[in-house]
Each structure stands twice: as C-alpha cells, then as structure tokens.
Amino acid sequence: GNNTIYNQNYGTSENESDSFSLALYITKLKYAYRNKNLYLYYGYGPFGKYSYQFSTGSYEQIKTNSISGGLNGCLGVEWFFSKQFSLFAEYSLNASANYSRVNYLINGSNLTSNQSITKGFTFNSNPVLIGLSIYL
C-alpha cells in the first residue's frame with residue numbers, strides 16, 4: 001500500500017548499497033570410487049539461505065529480504081597429495097523454494113512506498129568449487 005513517510009533525506013546524488021548473506025549446507029558425502037590417492041564422490045543434503053540487500057539512489061530506497069531452502073546435490077573428485085591434505089573440484093545442483101520481499105520507497109512528486117512479494121521454486125547449477133581440504 002501507499003504510506004506517507006517523513007524525515008527522509010533524498011535528492012542527493014550519492015548512491016549507497018549494503019548486502020548480507022548467510023547460507024548453511026549440510027551434505028552427506030559418499031565415496032563412489034577410490035584408487036590410491038584419487039577419490040570420486042557424490043553428496044546430497046538440505047540447505048538454507050538468507051540474504052538482505054539495501055540500496056539508495058538519488059530518488060529511491062530499496063530493501064530486499066530473501067529466504068530459500070531446499071535440497072543440494074554434488075559430484076566431485078578429490079586428490080590426496082598427502083595423508084592430511086587434498087585438492088578437490090566439485091560441481092553442484094540444487095532445487096529450492098524461494099520467498100522474497102522487496103520494499104520500495106520513491107521520492108517523486110509524492111513520497112510513496114510499495115511492497116512486492118515473490119514466491120517460487122527454482123533449479124540452479126552452481127559454479128565449480130576448487131579447494132583444499134585438511135584432515136586432522
């Protein structure tokens with residue numbers, strides 16, 4: 001709906017933005033193949049994410065809160081170059097339910113605010129992860 005908001009300082013040419021994101025993945029790994037120092041594995045499990053974005057422009061302010069959760073699956077290869085250290089490459093896909101709320105505050109001829117809510121279901125592929133594992 002439309003609401004009147006007072007004491008806001010708009011009309012400057014400065015743009016600002018801020019964001020925060022937190023994710024938790026719980027993955028059960030299974031080794032499908034082992035040959036000396038080279039291991040192939042797959043994994044699956046639940047995940048959840050929360051993100052917040054805030055930006056201001058010359059005449060607008062936008063706040064976004066997003067929550068998603070679902071199932072993640074991965075496939076990877078791991079090379080042990082010592083007993084306690086390995087290098088890995090991993091590819092993952094996920095399916096998730098998503099909820100996002102965006103609040104818009106626009107300073108035009110009248111100062112107005114609007115809200116948009118989006119719900120949905122998505123399938124995503126993630127970039128390949130390359131990393132170092134340390135086993136204690």
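What share of the contacts in the chain with a separation of 6 or more comes from residues 24 or more positions apart? Such residues account for 63% of these contacts. The legends below refer to a predicted model.

**Figure 1. The chain as a whole is built from strands, with 7 strands and 0 helices.** Read along the sequence, its pattern is β-β-β-β-β-β-β. The chain has 136 residues, of which 24% count as buried. It exposes about 9700 Å², and carbon and sulfur atoms supply 56% of this area.

**Figure 2. Strands E4 and E5 form a hairpin with 4 residues between them.** Strand E4 covers residues 60–80, and strand E5 covers residues 85–107. The two strands pair in the antiparallel sense over 21 bridges.

Figure 3. Apart from residues up to four places away in sequence, Ser68 touches Phe47, Gly48, Lys49, Ser96, Ala97 and Asn98. Asn72 is likewise buried, with a relative accessible area of 8%. When its neighbours within four places in sequence are left aside, the contacts of Asn72 include Tyr25, Thr27, Gly43, Tyr44, Gly45 and Phe47. Ser92, Leu93, Asn94 and Asn126 are also in contact with Asn72.

**Figure 4. Tyr25 and Phe47 form a stacked aromatic pair.** A search of the whole structure finds 8 aromatic pairs. In the pair formed by Tyr25 and Phe47, the distance is 5.1 Å centre to centre, with 10 degrees between the planes. Tyr25 lies in strand E1 (residues 16–25) and Phe47 in strand E3 (residues 38–56), so the pair ties together parts that are 22 residues apart in sequence.

**Figure 5. Phe121 and Phe123 form an edge-to-face aromatic pair.** A pair of aromatic rings is described by the distance of the centres and the angle of the planes. For Phe121 and Phe123, these values are 5.4 Å centre to centre and 80 degrees between the planes. Phe121 is exposed, with a relative accessible area of 56%. Phe123 also counts as exposed, at 66% relative accessibility.

**Figure 6. Ring pairs link five named residues into a cluster: Tyr31, Tyr39, Tyr41, Phe80 and Tyr135.** Phe80 belongs to the cluster together with the tyrosines Tyr31, Tyr39, Tyr41 and Tyr135.

**Figure 7. Lys36 lies in the loop between strand E2 (28–35) and E3.**

How values were computed: Residues are numbered from 1 along each chain as its sequence is written. This is a predicted model: local features need pLDDT of at least 70, side-chain atom pairs count only at pLDDT 80 or more; totals for chains, interfaces and linings use all residues. Side-chain values use heavy atoms; hydrogens and water are left out. Contact means heavy atoms within 4.5 Å. Rings of Phe, Tyr and Trp (its six-membered ring) pair if their centres lie within 6.5 Å; planes under 30 degrees apart count as stacked, over 60 as edge-to-face and the rest as tilted. Buried means under 20% relative accessible area, exposed over 50%, partly exposed in between (1.4 Å probe, protein chains only). Two strands pair if DSSP finds at least two bridges between them. Accessible areas come from the Shrake-Rupley method with a 1.4 Å probe; for residues, only the protein chains shown count as cover.
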